[in-house]
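Trainee: Can you walk me through this one? I have the viewer open.

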Amino acid sequence: IRPLKVPITLPSGITYDQPTGLFINGEFVNSQQHKTFEVVNPSTEQEITHVYEAREEDVDVAIAAAKRAFESNWSTADPEFRARCLYKLADLVEEHSEILAGIESLDNGKSLLCSRADVSLASKYLRSCGGWADKLYGRTIDTGSSHFSYTRREPLGVCAQIIPWNFPLLMWSWKIGPALATGNTVVLKPAEATPLSALYASQLVNQAGIPAGVVNILPGFGKMIGERMCTHKDVKKVAFTGSTATGRHIMRTASDTIKKVTLELGGKSPNIVFADADLQRAVRNIAFGIFYNSGEVCCAGSRVYVQDTVYEEVLQKFKDFAESLKVGNPFEEGVFQGAQTSQMQIDKILDYVQVGKGEGARVVTGGERLGDRGYFVKPTIFADVTEDMRVVKEEIFGPVVTVSKFSTVDEVIEMANDSQYGLAAGIHTKDVNKAIDVSHRVKAGTVWINTYNDFHQNVPFGGFGQSGIGREMGAESFDNYTQVKAVRLSI
Ligand code: NAD
């Protein structure tokens with residue numbers, strides 16, 4: 001039997017106690033079968049620790065705890081109390097930011113620069129959710145008769161939340177923030193590759209005064225416990241972020257009991273550079289759009305479209321910029337791009353590089369692994385691509401981008417919209433009329449103009465098409481965690 005906490009020294013020099021148990025009803029516990037799984041550092045390919053693995057019987061216990069917490073106090077608590085808990089949690093995340101950022105870089109492989117940005121946005125978003133907790137009003141409806149009608153926004157109940165490995169702590173905050181603000185309780189499964197930050201943050205959940213059972217964290221494998229989480233009769237909603245294939249499966253699984261489902265899925269987002277853009281700035285943005293977070297970003301600008309008159313100039317500048325980025329040890333000063341998160345992921349990325357070459361795309365830079373230890377990939381640019389190539393159509397989820405040429409606005413809109421996805425798009429131009437016109441015609445849940453991967457806690461994020469259902473962050477996120485009750489009273 002392994003301990004429920006292990007001391008870990010981060011490469012940044014900080015030593016801390018890492019919880020390794022399931023977090024159920026406010027306590028860290030062994031899984032009932034005492035099974036554990038290995039957590040690997042993607043930068044060294046060495047074991048960090050083992051954590052306990054939840055199985056179906058643990059899911060049942062966690063859901064029962066969440067149901068009790070929902071019914072006994074949280075759903076009926078004074079919203080001002082829920083607000084104070086979330087404010088406190090936001091403060092604690094901020095206070096523990098260096099440890100949390102270090103855990104994230106250790107576990108996921110991303111550079112400290114990216115991890116610090118994640119922790120900062122997680123804390124801001126939790127605070128924003130606290131602010132909304134006591135301001136989620138219903139409406140009164142004047143029906144012009146002697147009847148008085150009004151609506152209430154009521155919580156749903158126990159929510160199952162399943163998150164991916166690319167933004168473990170940020171996705172934890174995007175999921176629990178709006179659920180808790182609106183009076184729901186949660187059972188959250190972090191990705192098997194990256195369970196550490198959500199477990200560490202569970203201690204902060206306790207310290208914030210959030211009652212036992214409101215948040216439950218189950219490290220484990222989606223294929224093993226996902227089904228139980230999505231079919232259990234006491235789960236009223238499933239919120240999922242991850243691949244479109246798994247999203248499709250979850251939607252089917254949850255349909256038997258008509259659970260509410262929100263999905264934040266994959267993308268293949270276009271990033272368009274017009275000839276009249278500030279090219280230096282545009283190049284920075286397209287590089288940031290694809291290489292940030294090692295390209296493991298659902299809304300990565302992975303299809304770049306450059307207007308023909310500046311194509312060669314932009315391609316050269318983009319190549320120079322990509323080659324200047326420091327890739328390597330996520331804890332090293334100045335490193336922009338760390339490791340890919342898993343063996344599976346680096347294999348997939350390198351496979352796609354071969355696919356692209358086989359399809360006739362030209363490697364402008366990169367296209368290979370870096371070093372012989374750790375999952376590092378050179379920033380990779382493909383040019384001379386055609387729109388039917390798999391590297392242009394499919395989500396690669398790594399630092400690999402295709403660059404295509406266009407001449408007119410209509411042509412680039414057609415190319416940009418020729419995708420099953422619709423998560424985000426980027427537009428680079430100094431012409432405000434063109435920027436607005438294109439932003440309205442492009443099919444995407446978020447459009448960034450002269451910027452990219454630019455998030456704010458009060459701005460909603462989510463997909464068109466097969467990129468998902470529902471919105472996270474912003475006022476819209478609370479719609480996904482409340483149901484409207486209409487009350488009609490005869491006076
Ligand atoms: P995934 O979608 O399978 O995993 C995401 C989460 O879903 C994990 O927590 C996983 O345990 C869980 N899961 C897996 N199968 C499940 C099931 N049957 N029921 C319930 N939960 C389940 O993604 P992956 O396999 O880790 O990665 C595959 C590809 O997905 C990646 O290469 C990448 O292209 C893409 N991806 C996209 C995003 C995104 O945000 N768009 C995030 C992660 C991965």
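Trainee: How many residues surround the ligand, and which are closest?
Mentor: The ligand is surrounded by 25 residues, the closest being Gly 222, Gly 226, Gly 242, Ser 243 and Cys 298. A residue is taken as near a molecule if its C-beta atom, placed from the backbone, lies within 6 Å of it. This is a predicted model, where local features need pLDDT of at least 70 and side-chain atom pairs count only at pLDDT 80 or more, while totals for chains, interfaces and linings use all residues. Residues are numbered from 1 along each chain as its sequence is written.

Trainee: Which elements give two or more residues to the shell?
Mentor: Those are α7 (222–231), α8 (244–255) and α11 (343–359). Elements are DSSP runs numbered from the N terminus: helices are H or I with at least four residues, strands are E with at least two.

Trainee: And what is the shell by class?
Mentor: It has 10 nonpolar, 10 polar and 5 charged residues. Ala, Val, Leu, Ile, Met, Phe, Trp, Tyr, Cys and Pro count as nonpolar, Asp, Glu, Lys and Arg as charged, and the others, Gly among them, as polar.

Trainee: Which residue does UniProt list for "active site"?
Mentor: The unreviewed UniProt entry lists Glu 264. Such annotations may be inferred rather than shown by experiment. Glu 264 lies in strand β13 (residues 260–264).

Trainee: Is Glu 264 buried or exposed, and why?
Mentor: Glu 264 is buried, because 28 other C-beta atoms lie within 10 Å. The cut-offs are 20 or more other C-beta atoms within 10 Å of its own for buried, 12 or fewer for exposed, and partly exposed in between, with C-beta atoms placed from the backbone.

Trainee: What does Glu 264 touch?
Mentor: Leaving out residues up to four places away in sequence, Glu 264 touches Thr 241, Cys 298, Gly 462, Gly 463, Gly 468 and Glu 472. Contact means that the C-beta atoms, placed from the backbone, lie within 7 Å.

Trainee: Changing topic. Where is Gly 301?
Mentor: Gly 301 sits in the loop between α9 (279–291) and β15 (303–307). Gly 301 counts as buried because it has 29 C-beta neighbours inside 10 Å. Beyond four places in sequence, its contacts include Ser 269, Asn 271 and Tyr 452.

Trainee: Last one: in what order do the strands β7, β8 and β24 form their sheet?
Mentor: The order is β7-β8-β24, in an open sheet with antiparallel pairing. Strands pair if DSSP finds at least two bridges between them. The edge strands, β7 (140–142) and β24 (482–490), each pair on one side only. Strand β8 (residues 147–155) pairs with β24 over 9 bridges.

Terms used:
Contact = placed C-beta atoms within 7 Å.
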